[in-house]
Amino acid sequence: FLHDVNFEKFDIALGDTLTAPAHWNDEPFEAIVSNPPYSIKWEGDANPLLINDPRFAPAGVLAPKSKADLAFTMHILSWLAVNGTAAIVEFPGVLYRGGAEQKIRQYLIDNNYVDAVIQLPPDLFFGTTIATCVIVLKKSKHDNATLFIDASAEFVRSGNKNKLAAEHQQKILDAYMARQDVEHFACLVENGAIAENGYNIAVSSYVAQEDTREAVDIQALNARIARIVARQAELRTAIDAIVADLEGEAE
């Protein structure tokens with residue numbers, strides 16, 4: 001069993017998802033969860049057939065040959081049912097890099113396919129310590145906005161890795177379902193504002209982190225400095241007097 005699903009119900013295929021995908025006869029899917037490999041190489045525009053592939057053609061551009069992340073995203077979107085939801089663990093660079101990736105993000109935002117972007121804590125997955133993110137895709141949304149959730153601080157240390165505890169998972173889910181602004185945690189942004197920001201969908205661009213630095217009382221600090229300066233002047237006067245006495249005795 002995996003997540004209470006019997007192995008007898010699994011249909012596992014070995015191959016290249018991007019150039020020779022399996023399960024053509026099974027799509028579309030109402031629920032897709034994916035953790036594709038981060039920034040691997042693929043054929044990209046070296047294969048002239050791929051730009052006409054119905055999975056990639058709508059964006060008008062292919063993901064870079066050196067970074068296939070958004071090629072997987074486009075594949076998943078293509079196989080997502082109209083009433084479905086997809087959650088994809090992504091390398092953070094796909095949220096803000098320029099070039100072809102920016103154009104693909106533009107396609108996703110302009111067509112209102114991005115439901116949410118969730119920033120995860122660092123060091124969650126084996127094999128990498130980077131702070132990954134989750135992009136949630138939907139084809140049938142009730143608004144023209146994208147929800148950004150900063151869950152980068154929602155973890156406990158377990159062994160040599162970080163872990164999302166049950167309360168952290170619930171907090172993220174509650175924010176996702178509520179789809180409302182939560183100070184320092186969640187922000188619902190109109191897609192027009194994202195377009196004005198160059199189709200940057202990094203969570204840190206929209207959710208301000210809480211300032212945990214100790215507050216400084218400027219008036220109290222200035223008063224303390226004044227006392228230190230005054231005491232310094234007193235000590236200097238006393239030292240000068242001692243030096244004068246010593247010089248007088250020496251004469």
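Which residues of helix 2 (residues 100-110) are buried? In this predicted model, the buried residues of that helix are Ala-100, Glu-101, Ile-104, Arg-105, Tyr-107, Leu-108 and Ile-109.

**Thr-73 in helix 1**

Thr-73 sits in helix 1, which spans residues 69-78. Its relative accessibility is 1%, and because buried means under 20%, Thr-73 counts as buried. Leaving aside residues up to four places away in sequence, Thr-73 touches Ile-88, Glu-90, Leu-108 and Leu-137. Leu-108 is one of the buried residues of helix 2. With Glu-90 there is also a polar contact, side chain to side chain, at 2.5 Å.

**The aromatic cluster**

Now for the rings. Across the whole structure, a search finds seven aromatic pairs. Among them is Trp-24 with Trp-79: the ring centres are 5.1 Å apart and the planes stand at 65°, so this pair is edge-to-face. Trp-24 belongs to the segment before strand 1 (29-34), while Trp-79 is in the loop between helix 1 and strand 2 (80-90), so the pair ties together parts that are 55 residues apart in sequence.

Trp-79 also pairs with Phe-29, and here the planes are at 40° with the centres 6.3 Å apart, so the pair is tilted. Since Phe-29 lies in strand 1 and Trp-79 in the loop between helix 1 and strand 2, this pair joins parts 50 residues apart in sequence. Trp-24, Phe-29 and Trp-79 together form one aromatic cluster.

| Residue | Relative accessibility | Class |
|---|---|---|
| Trp-24 | 41% | partly exposed |
| Phe-29 | 27% | partly exposed |
| Trp-79 | 6% | buried |

Trp-79, the buried residue, takes part in the edge-to-face pair with Trp-24 and in the tilted pair with Phe-29.

**A charge over a ring**

The charged end of Lys-171 sits over the ring of Phe-185, at 4.5 Å from the ring centre.

Terms used:
Residues numbered from 1 in each chain as written. Predicted model: local features only at pLDDT ≥ 70, side-chain atom pairs only at ≥ 80, totals over all residues. Heavy atoms only, no water. Helix = DSSP H or I, 4+ residues; strand = E, 2+ residues; numbered from the N terminus. Buried < 20%, exposed > 50% of the residue type's maximum accessible area, 1.4 Å probe, protein only. Polar contact = N/O pair within 3.5 Å; in protein donor to acceptor, adjacent residues only side chain to side chain. Contact = heavy atoms within 4.5 Å. Phe/Tyr/Trp six-rings, centres within 6.5 Å; stacked < 30°, edge-to-face > 60°. Lys NZ or Arg CZ within 6 Å of the ring centre and 35° of its normal.
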